[in-house]
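Have the sequence and the 3D view open as you read.

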Amino acid sequence: MGLLSDPNRRRALISMLTRLNAPICVVCYFAGVAWFMGLAFEPFTLRTYMSENAMGSTMVEERFPAGERALATGREFAAHKKKVGGMPVDWLVKNMQDRGLEVFTQSFSRTLPFPDENKERYIVKGTNVYGILRAPRAPRTEALVLSAPCSPGDGNNQAVGLLLGLAQYFRNQIYWAKDIIFLVNEHDLIGMQAWLEGYHHTNTTGMSWSPLQGRGGSIQAALSLELSSDVITSLDLVLEGLNGQLPNLDLANLFYAFCQKIGVLCTIQGKLQRNDWDSVSGYNHAVQTMMLMVMKQASGRPWGDHGLFLRYHIEAATIKGVNSFRQYKTDATTIGRLLEGMYRKLNNLLERLHQSYFFYLMPSLSHFVSIGYYMPAFGLLAVILLLRALDLWVQLNTPPSTTEDGVADIDQQSSPGVLSVLTPLVISHLTGVALYALPIRFQETAVEHFPVSETEAVVLTAIAIYTAGLALPHNTHRLLSGEGTEQGWRVLKLVAVLYLAVLLGCTALINFSLGFILALTLVPLAAFVTPHVPKVLSAFILVILSPACTLLFSVFFFQELQDMPVSFQDGWLLYLSVISQGILDHSLYGSLVYPLIALLVYPCWLLFWNILFWK
Amino acid sequence: MAAHRCSCWSWLLILFSLSVFVVADIHETTPVNDHHGGVDHNAQTAEQTADQPAVEERRWEATEVKEAATVDAAADIQGTSAPETVVPSSVPQPKDDFQEELVIRPLHSGDIYASFQFRTLWDTDFMRENKVSHYRLFPKSLGQVISKFSVRELHISFTQGYWRTMQWGQPFIPSPPGAELWVWFQDSVTDVDATWKELTNVLSGIFCASLNFIDSTNTVQPSASFKPLGIGNVTDHSFLRYATLPREIVCTENLTPWKKLLPCGSKAGLAVLLKSEKLFHSSFHSQAVHIRSVCQDWQCKTTSWELRQTLNSVFDLHNSGQTKREWSLFKMFSRTLTEACPLASSSKLYIDITDNPQGEQFELSPATSLLSQAVVLGDRRTFSVYDLTQETTFGSVRSLNLLIRWKSNEGYIHYEPSKDRVKPHLLEMLIQLPPNSVTEVTVQFERALLKWTEYPPDPNHGFYVGSSVISSLVPSTVAMHTNSTRERPLFSSFFPCKEESSYFVRIYTEPLLVNLPTPDFSMPYNVICLTCTVVAVGYGSLYNLLTRSFQIEEPNPGLAKRIANVIRRMRGVPPL
């Protein structure tokens with residue numbers, strides 16, 4: 001306080017900040033990146049521990065015996081699935097009823113805005129089947145969900161078999177305090193979306209579904225099971241949900257604890273954890289695991305069927321059985337025992353999972369980075385924007401004091417200044433709106449005039465609008481306000497820098513990974529752009545650091561991290577499909593990444609583009 | 001068109017009153033046929049005045065009878081005809097009797113079913129006395145048909161539309177779409193097929209229908225299904241002929257001759273309501289004529305001929321585009337009732353109120369206290385009865401416009417808003433649930449933060465909302481005892497039973513667990529410290545910088561300050 005209130009010290013501080021602005025910014029940037037990379041270093045991270053007392057101290061025994069029979073049921077399910085050519089609803093209803101569950105079905109239908117070429121679907125109609133195991137002496141206030149998607153082809157039959165086997169075994173136990181809902185959903189996430197909307201009586205995406213006839217109270221936790229082979233080598237835990245939401249860390253802890261107890265290999269992001277943290281390769285491994293999590297979280301899409309539960313504040317995760325070429329094999333009985341143990345512990349919960357962290361990154365399954373540790377990395381990047389803003393503010397205020405008649409100049413310049421700031425703002429945002437709204441609207445027109453499929457039409461229209469945005473706005477302010485002035489671009493940059501700071505700050509609070517990745521690319525360009533830097537080189541750098549190119553690099557980087565490098569040709573195709581998936585995720589499940597990029601980040605980037613070509 | 005014809009009638013009556021029966025034998029096309037009916041009717045009305053005392057007497061007798069003669073049971077007919085034998089008559093003239101009634105039943109689908117029945121009984125024998133020439137109530141055209149073709153029984157129906165049994169339940173008298181005709185001939189008929197052919201042609205003329213298209217290609221002789229409905233134990237089905245014409249379209253030209261068979265025509269009584277422009281604007285229309293011989297009394301020594309004319313129609317309320325469910329005679333028929341047919345011994349209007357015993361679904365106005373019960377189609381049903389022969393039925397306005405007004409579904413809503421931390425919300429609703437339906441009551445709420453002391457030790461468990469309660473009186477299949485003092489098992493006597501026909505039910509829904517926004521209680525101290533620091537440092541300094549302007553002031557202390565400094569120096573404290 002005293003520091004800022006005292007005009008002399010204040011002036012000294014400000015002059016230091018303006019003088020050393022560039023070096024401080026550079027230092028901050030590298031410090032931020034270094035901090036982030038340090039997060040994966042094991043001594044800097046915390047070991048996971050069970051925070052929830054209700055799940056920690058209570059011992060449960062796992063006695064599930066019927067793995068083989070569950071697999072047989074799975075084969076029977078597969079046969080019926082093949083016969084019906086889809087979800088064998090009648091067979092499932094009958095089987096669940098035979099196991100003593102209250103069985104209900106829900107039918108749903110959805111027409112996608114444009115065909116999904118990855119999953120080859122356009123008009124989706126399906127049925128969810130779910131059976132409720134009513135807990136004895138419980139008032140139907142709480143429930144747990146175990147779900148298995150009924151995927152087309154041969155996938156996931158074993159999961160349905162195991163689900164039915166567990167249902168039969170659970171039905172005969174008397175210790176349940178929460179209803180357990182066994183759900184087989186068709187068309188993976190679309191079916192799950194329909195079921196969740198039906199369960200919670202909401203309709204956020206304009207999907208049509210029949211109302212649910214049976215409910216089981218508020219859902220406390222949910223697990224989604226994906227198994228595609230009779231024996232597996234390891235179980236993979238998927239946490240990332242819609243918009244980068246994560247379940248409570250205790251759910252991951254629970255899974256890890258039971259894997260340790262029963263002796264199942266468990267992975268996260270498909271990576272086993274290693275003990276040689278002090279070696280370079282060990283650190284590399286941890287960084288890869290964490291970066292994979294960051295990339296997945298930043299994408300904002302649900303990476304398993306559990307992803308949509310998180311929107312309703314239901315802790316959920318997907319457990320995937322992986323069958324790779326390792327010696328160590330796990331059979332279905334063991335997986336059943338693991339799930340039984342997890343459900344028995346979840347059953348003991350008195351409150352919903354809340355004790356542990358909701359915001360974290362995991363460099364390995366046994367270690368985590370909490371929000372308090374990773375936020376400084378983002379903070380160091382964000383402070384650059386504030387420093388630049390301060391610098392600009394000071395620059396805007398100082399010149400008038402140099403000449404006496406400058407006072408009059410300011411009065412003259414400030415009034416067109418508002419217009420010269422407002423015009424690029426409005427135009428770039430209109431371009432953003434066009435980028436958001438037009439691709440889906442214009443798909444029919446595009447298909448009529450060009451030899452492309454509807455999906456390609458949407459993606460290519462998006463890219464076209466994106467590129468056209470570069471040419472469009474940066475000259476228009478001159479038509480309205482005449483020649484741009486030094487003051488003009490400074491005011492515009494000040495607004496843009498503050499805008500970016502607020503935007504990235506809010507994004508990082510909701511989805512750290514997305515915020516951090518955007519900050520990593522947008523902050524340097526925001527810091528250096530002025531009309532006086534070399535045009536061609538700067539323009540090139542600006543394009544390289546634009547959101548679309550960031551996405552392109554992310555695609556290659558992600559493939560690299562997964563040890564599946566792709567050629568440029570394949571990468572480009574992958575990039576196109578990622579864009580279409582992003583648009584689909586937005587319209588199907590309400591993912592916010594596409595509107596965020598189109599409506600806010602891209603216009604913000606356009607402002608900097610505008611500044612570069614200021615005349 | 002029909003109205004126009006109606007107004008012409010009075011002229012026609014005068015003009016043709018003298019040219020009596022010469023025309024009657026000739027069966028011609030529609031317009032002439034109309035005249036013929038008019039003449040016929042005129043003859044009857046002329047006779048009416050002579051028999052007035054007898055009619056009066058019979059009417060009084062008939063009001064005693066409380067039978068809903070909707071079912072064709074011989075016993076019923078005996079019961080009604082029994083009083084008639086008491087009527088003293090020295091002259092052995094054939095006795096005849098006319099009854100009319102209208103049954104209105106609100107259907108579950110929301111439609112209205114109206115069923116007219118007109119019955120004429122005549123103690124005569126067309127066969128024995130070869131020349132029956134004196135007709136009073138019985139239409140002469142049909143009488144001549146009976147005697148000429150030696151008909152034992154005749155059933156003819158014209159129907160437009162299909163009876164939707166799933167939605168409407170069973171009709172009182174079923175009939176197929178199109179025209180249906182089936183006739184039992186007397187044993188005396190030698191060439192049945194020829195008689196049948198001639199009969200269809202004659203009927204075709206009488207009813208203005210294409211019955212002449214009935215020939216051997218569409219005539220059958222059912223051996224089991226169509227037994228005679230009247231008396232007589234005929235089993236030889238060679239005297240039976242049955243034919244249907246599914247294509248037959250029923251319209252005004254069929255209704256007019258049908259109406260003319262009535263003693264009062266459409267001038268008085270219930271037949272006033274039969275306006276074709278309204279009747280043919282319905283979902284279902286069926287008119288029929290049934291002739292048979294029935295027992296005169298319970299001993300069944302003598303028989304009499306019965307002519308039943310029925311007309312059923314179903315009015316579609318949703319089609320008429322009105323939002324409020326309300327029905328009146330005028331809305332349906334564009335006429336109101338002003339009198340009974342003077343020739344009728346009984347004229348009644350029945351409203352089926354079985355589904356509405358306490359008037360909770362709809363109310364009738366004017367109300368009537370007269371109730372009647374009848375067993376129809378294996379179901380005991382209750383009817384409100386309006387006796388049109390009594391003056392009081394029409395009230396002071398001299399016309400009966402029966403109004404059925406449905407009550408709106410949300411009968412009663414009681415809502416007490418909550419007061420924060422004092423009392424909860426209370427919402428009570430009285431709802432009429434339609435059958436086979438799902439009713440959803442949703443309550444929107446906002447999640448609010450509680451005060452920090454109000455959270456329970458386990459706030460993340462959620463907050464309970466108690467069960468909703470549904471209390472209802474459910475119709476019982478078994479009659480119950482309303483006497484509460486009577487000895488009963490304890491388990492059956494908890495809820496007091498007010499009515500025989502329904503029992504009390506209370507249903508509780510599941511309790512609800514609602515998650516409220518919950519602060520992280522694990523570190524309230526940290527949170528408080530952090531918040532306070534952020535507010536104090538961040539906001540405070542920013543506010544200071546924005547609102548205050550700093551200026552360097554020459555050190556020129558004021559008088560008070562100088563004095564204060566002097567005092568401070570004396571105290572040994574550093575100066576200001």
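Which pattern do the disulfides of chain B follow, with bonded cysteines counted along the chain? The pattern is 1-4, 2-3. A disulfide here is a pair of cysteine sulfur atoms within 2.5 Å, and by that rule the count comes to two over all chains.

Some ground rules before we go on. This is a predicted model, where local features need pLDDT of at least 70 and side-chain atom pairs count only at pLDDT 80 or more, while totals for chains, interfaces and linings use all residues. Residues are numbered from 1 along each chain as its sequence is written, chains are lettered from A and ligands numbered from 1 in the order in which they are written, and side-chain values use heavy atoms, with hydrogens and water left out.

## Cys264(B) and Cys341(B)

Let's take this pair of chain B to begin with. Cys264(B) is bonded to Cys341(B), with an S to S distance of 1.6 Å. The torsion about that S-S bond is about 65°, so the disulfide is right-handed. Cys264(B) sits in the loop between α8 (252-260) and α9 (276-279) of chain B, and Cys341(B) in the loop between α10 (329-333) and β10 (346-352) of chain B, so the pair ties together parts that are 77 residues apart in sequence. (Helices are DSSP runs of H or I with at least four residues, strands are runs of E with at least two, and both are numbered from the N terminus.)

Are the two ends buried or exposed? Cys264(B) is buried at 8% relative accessible area, and Cys341(B) is buried too, at 1%. Buried means under 20% relative accessible area, exposed over 50%, and partly exposed in between, using a 1.4 Å probe and protein chains only.

## Cys295(B) and Cys300(B)

The other link joins Cys295(B) to Cys300(B), again with S to S at 1.6 Å. This one is left-handed, with -60° about the S-S bond. Cys295(B) counts as buried at 9%, whereas Cys300(B) is partly exposed at 29%.

## Over in chain A

Cys25(A) is buried, at 6%, while Cys506(A) is partly exposed, at 43%.

## A strand with two faces

Back in chain B, strand β11 (residues 362-365) has Phe362(B) and Leu364(B) on its covered face, with Glu363(B) and Ser365(B) on the uncovered one. β11(B) pairs with strand β14 (residues 403-406) of chain B in the antiparallel sense, over four bridges; pairing takes at least two DSSP bridges between the strands. Within β14(B), Trp406(B) is the bridge partner of Phe362(B).
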